[in-house]
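Please examine the model shown here together with its sequence. The paragraphs below it lead from the sheet to the metal site and then to the pockets.

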Amino acid sequence: MPKPIVIWPDKVLSTRTRRVAAFGAALDPLLEEMMESVRAAEGIGIAANQIGVPLAVAWVGREDGTFFEIVNPSVLEKSEPVSLEEGCLSVPHEWEQTPRFGKVRVRYQDRTGAEHELSAEGRLAHVLQHEIDHLEGTTFVEHLSQLKRGLIRKRMQKLQKDRSTEHVHGDDCDHD
Ligand code: CO
């Protein structure tokens with residue numbers, strides 16, 4: 001069973017993750033768990049804190065369906081402000097126009113600790129901004145108006161409540 005995705009608002013999503021110091025095989029189990037969860041949810045990226053692990057590790061999906069890991073990433077440059085429709089596995093069923101940048105230059109490490117710099121645009125730039133935001137403790141709804149964020153918070157609370165009710169119901173009853 002893949003680890004469940006943490007639903008916003010949750011403290012682990014709004015807390016800056018810790019930098020990774022131990023590379024190599026130490027990261028493999030976490031990366032594997034995250035991959036299971038993002039594939040099960042059919043997502044295009046996932047940050048470690050979305051499965052409750054407060055470390056600066058994320059998977060970023062490429063256009064061709066493959067993923068690469070980013071560890072301890074930072075955005076070096078951003079340009080060309082744009083508004084893009086955005087969603088998040090931690091905010092199910094919500095899609096909103098979100099202010100982003102069309103181009104970014106990022107620095108990150110891979111699972112071995114090797115340093116990389118990458119210039120990206122389009123969808124890849126978008127996913128990078130979204131995942132790096134997560135690792136810094138920011139969910140995309142933080143970029144929306146207070147009004148929209150408030151409405152989404154209410155819907156997420158209802159969703160959480162419905163899920164926990166379903167769970168109790170499922171435990172107590174036979175079902176086919
Ligand atoms: Co997300």
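The account that follows begins with the basis of the model and then turns to its parts.

This is a predicted model, in which local features need pLDDT of at least 70 and side-chain atom pairs count only at pLDDT 80 or more, while totals for chains, interfaces and linings use all residues. Residues are numbered from 1 along each chain as its sequence is written, and side-chain values use heavy atoms, with hydrogens and water left out.

Helices (H or I, at least four residues) and strands (E, at least two) are DSSP runs, numbered from the N terminus. An open sheet of 5 strands has the order S1-S2-S3-S4-S5 with antiparallel pairing, where two strands pair if DSSP finds at least two bridges between them. Strand S1 (45–47) and S5 stand at the edges with a single partner strand each, so one side of each is left without a neighbour in the sheet. On average, neighbouring strands of this sheet are turned by 40° against each other, direction ignored; the axes are lines fitted to C-alpha atoms, for helices over the stretch in contact, and angles run from 0 to 180 degrees between N-to-C directions.

Strand S2 (residues 57–61) runs antiparallel to S3 and is joined to it by 5 bridges. S1 and S2 also pair in the antiparallel sense, over 3 bridges. Ala58 illustrates both contacts: its bridge partner in S3 is Ile70, and Ala47 stands opposite Ala58 in S2. S2 and S3 form a hairpin with 5 residues between them, and Gly65 in the turn has a positive phi of about 95°.

In a regular strand the side chains alternate between the two faces of the sheet. Both faces of S2 are covered, with Val57, Trp59 and Gly61 buried on one side and Ala58 and Val60 buried on the other. Here buried means under 20% relative accessible area, exposed over 50%, and partly exposed in between (1.4 Å probe, protein chains only).

Which residues coordinate the cobalt ion? They are Cys88 (SG), His130 (NE2) and His134 (NE2), at 2.0 to 2.3 Å. Donors are N, O and S atoms within 2.8 Å of the metal (3.2 Å for Na, K and Ca); water is not among the atoms, so sites may look incomplete. Along the chain the donors follow the spacing C-x41-H-x3-H. Cys88 in strand S3 (residues 67–88) and His130 in helix H2 (residues 122–135) are 42 residues apart, and this pair links distant parts of the chain. Both Cys88 and His130 are buried.

Cys88 also belongs to the description of the largest pocket. This pocket is lined by 24 residues, of which Ile44, Gly87, Cys88, Leu89 and Trp95 lie nearest its centre. On a 1 Å grid over the protein atoms alone, a cavity is a set of points where a 1.4 Å probe fits but cannot get out, and a pocket is an open set with protein on both sides within 12 Å along at least five of seven lines; lining residues have an atom within 4 Å of a point. H2 gives the most to the lining of the largest pocket, with 6 residues. The volume of this pocket is about 450 Å³, a volume being the space filled by probe spheres set on the grid points, which are joined across faces, edges and corners.
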